[in-house]
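Thanks for coming, everyone. I'll walk you through one structure today, piece by piece. Please have a look at it before I start.

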Amino acid sequence: MTLETLVQQLMNGISLGSLYALIAIGYTMVYGILRLINFAHGDVFMVGAYTAFYLVSFFLLPWWAVVPLTLLAAALLGMFIDRVAYRPLRQEPRISALITAVGVSFFLETLGIVVLGARPKGFTEYIPGLFARVYDLAGIKIPGVAVWVPLLSLACLGLLLYIIYNTKVGMAMRAVATDIETVRLMGVNVDRIISYTFALGSALAAAGGIMWAFKFWQIQPLMGIYPGWKAFTAAVVGGIGNITGAMLGGFIIGLAEIMAVAFFPDFSGYRDAFVFAILIAFLLVKPTGILGESLKEKV
Amino acid sequence: MKKFTLVLLAGLLVLALTGSALAVEPIKIGLNLEMTGAVAAYGQMGYEGLQLIQELVKPEVLGRPVQLVLMDNKSDKAEAAIVADRLIEKEKVVAIIGTMTSSALLSAGAEGEKYKVPMIGPSTTNPLVTQGKKYVFRACFIDPFQGKIAAKFAYDQLKARRAAILVDVAQDYCVGLGKFFEDEFKRLGGRVVAKQFIKTGDQDFSAQLTAIKNANPDILYIPNYYTEIALAARQARALGIKAPILSGDGADAPELVQIGGDAVEGLMHTAFWHEKAAMTPLGKKYVEAYRKKYGKEPNAFGALAADSYLIILDAIKRAKSADPTKIRDAIEATKNLEVVTGTVTIENGDAIKPVVIRKVVNGKFEYLATVNP
């Protein structure tokens, strides 16, 4: 392998990894606060991509209006899902909420097929030039998305950390993560805080959906499944519940996936298997992930 | 008033009862199609063709109406077998059209053998689909032929000597076609400098394509389905691969251009059919009616599904019976039947048909050449 190829593969890995990271931070945030693996995250990601698609192709809105509207729509969807599917089960065992999350995921996927049609829609003509352009750096091709998505992911991470550690809502979120019942007794409106958590996580998923569409030029109702699993893997590798860890995990998974193909080209059909082998290995050897802390059982 | 309603209801009831007794039991043909999932375009295009041909040809045989029973196999192999089973057991169909893809018919075909109900795959080109099967047929050519034509075209016409192949390992069709191309290309004296693998549903092929770029091919052969071809073409061009792209019949879907955009401009592929090569009067009528009904250009998958329908109808007519085994024997004996894509003769379960070569020019599939078997 030439140096040029290696650098190109590294770029490919970072480009893919930054997308996983963007999806994973929303995934892991909801887990960190609620201890709920929100399997519908990948499907909110899909809804976000479709919302942006219709706003830009049907309503012909400019991108500066499309992005905030999409994030808002996804946030409302997240709050709605929490209200109808998760809140009624708050007092039930955690496994009930987990199963419900799988149900919500299937529901959104099939609803997408019925309402939006099963055939993919091309995003090609709507992608802003900044993202569609390919930069050439001494023979290394860097697509615009590969430049902007990592920066965007870092910005989202910064914003999220700021909200969680420097605002009143963030303080309430951290408190909810520690002990819901006590926080409720202290007079905090727990349901509203959880609602905010879902709104924030879903908006991040939608941002990921838009970026995914920018990178792969097409959307379809089942587009959220694989990215959702990969992001989940990234979150586990980074230490589930830990936002910085999810970011790190995203890059690791993206790079691992690309490098597996780069170094073992004969096994390129097995790249997903490779990623999920990493997931299994982490769950067996270090279930708390790279940055995660061991969970203390709550009394 | 109440009495009047009662009388009216009774009258309606009598009418309904006699009506149903008088109506002739329809002959049911099952459709096992990919209406959703990874290759939904094939199933939906097929269904469009079937609805249209039912309007063009009177849907009646042996004095009984013909009814199509549609079921979605979700582009899934396991689901395709379940659908076949349900169509036969529950709906009592006498024959099945579908699936559109080889892998799905490889699994559904076993049901046809088990229950002795004939199946016709409109576009299932993998040779294994009909091999050793008595009840499974196809309305198209097979991949050894298609792959050979593609390799010859690449070697003779495009003067390619260094081929790179990107194969979808989740599909029997793609694996087979890639291999037949490779064998023939090597036999002609060319070299396969890179062979990389992807999987249906994958979206990122940057790693595989970077490896291909490193091997510096002068032709890129992508024998996959439309979404994967479009994504691969875009990513190949973004990485600076300039070699022409050649593909198989899987490329024939509007999504190829919608997703691929400029990147698929100049892409060439072997295909079942092009409306310009529609020679039969029925074919011409079909093309015209298709444009009128759907407001878009006709495609091979719809035409082949219509072909399958015509083959079954003709077989029922000749068999003078709606018995599945008799229909099967009649399908086997199909000879010079006029269908949408030309005339068809069935040999060992396979249709003998020419390969068409097409090229994407200004976002449209243009006709290049026809190669006869």
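**A walk through two chains**

Let's start at one residue pair: B:Glu60 stands opposite B:Pro65 in strand E3 of chain B. One caution before I go on. This is a predicted model.

So where does that pair sit? Strand E2 and strand E3 of chain B, the latter covering residues 64–72, are joined by two bridges and run antiparallel. For anyone new to sheets: strands pair through backbone hydrogen bonds, either parallel or antiparallel.

Now widen the view. What is the strand order in this open sheet of chain B? It reads E2-E3-E1-E4-E5-E6. That is six strands, and the pairing is mixed. At the edges are E2(B), residues 60–61, and E6(B), residues 136–138. Each of these two pairs on one side only.

Next, strand E1 of chain B. Six of its seven residues are buried, so E1(B) is largely enclosed by the rest of the structure. On one hand, E1(B) runs parallel to E3(B), with seven bridges joining them. B:Asn32 faces its opposite number there, B:Met71 in E3(B). On the other hand, E1(B) pairs with E4(B), again in the parallel sense, over three bridges. In that pairing, B:Gly30 stands opposite B:Ile96 of E4(B).

Helix H2 of chain B, residues 40–56, lies across E1(B) and E3(B). Its direction is at about 155° to E1(B). Helix H3 of chain B, residues 77–89, packs on the sheet as well. H3(B) touches E1, E3 and E4 of chain B, and its direction makes about 170° with that of E1(B).

Look at strand E7 of chain B, residues 162–168. Is E7(B) mostly covered or mostly open? Mostly covered: six of its seven residues are buried. E7(B) pairs with E8(B), residues 191–198, in the parallel sense over seven bridges. B:Leu166 has B:Gln196 as its bridge partner in E8(B). E7(B) also runs parallel to E9(B), residues 219–222, and three bridges join them. There, B:Ile165 stands opposite B:Tyr221.

E9(B) and E10(B), residues 245–247, run parallel and are joined by three bridges.

Now the helices here. What do E7(B), helix H6 of chain B and E8(B) make together? They make a right-handed β-α-β unit, with H6(B) at residues 172–188.

Keep H7(B) in mind, please. We'll meet it again at the interface. There, 30 residues of chain B are in contact with 27 residues of chain A. Which elements of chain B each supply at least two residues to the side that touches chain A? They are H2, E8, H7 (206–215), H8 (226–238) and H9 (254–260). H7(B) gives the most, with six residues. By type, this side of chain B divides into 12 nonpolar, 14 polar and four charged residues.

Last stop, chain A. There are 12 helices and four strands in it. Its C-alpha trace spans about 60 × 50 × 35 Å along the principal axes. How does its radius of gyration fit a compact globule? For 299 residues, such a globule would have a value near 19 Å; chain A has 19 Å, so the two agree. Buried residues make up 51% of the 299 residues in chain A. And contacts? Take those in chain A with a separation of 6 or more: 76% are between residues 24 or more positions apart.

How values were computed:
Residues numbered from 1 in each chain as written. Chains lettered and ligands numbered in written order. Predicted model: local features only at pLDDT ≥ 70, side-chain atom pairs only at ≥ 80, totals over all residues. Buried ≥ 20, exposed ≤ 12 C-beta atoms within 10 Å, placed from the backbone. Pairing = 2+ DSSP bridges. Right-handed = clockwise from strand over helix to strand, strands pointing away. Rg over C-alpha atoms; globule rule 2.2 N^0.38 Å. Contact = placed C-beta atoms within 7 Å. Axes fitted to C-alpha atoms, helices over the stretch in contact; angles between N-to-C directions. Nonpolar A, V, L, I, M, F, W, Y, C, P; charged D, E, K, R; others polar.
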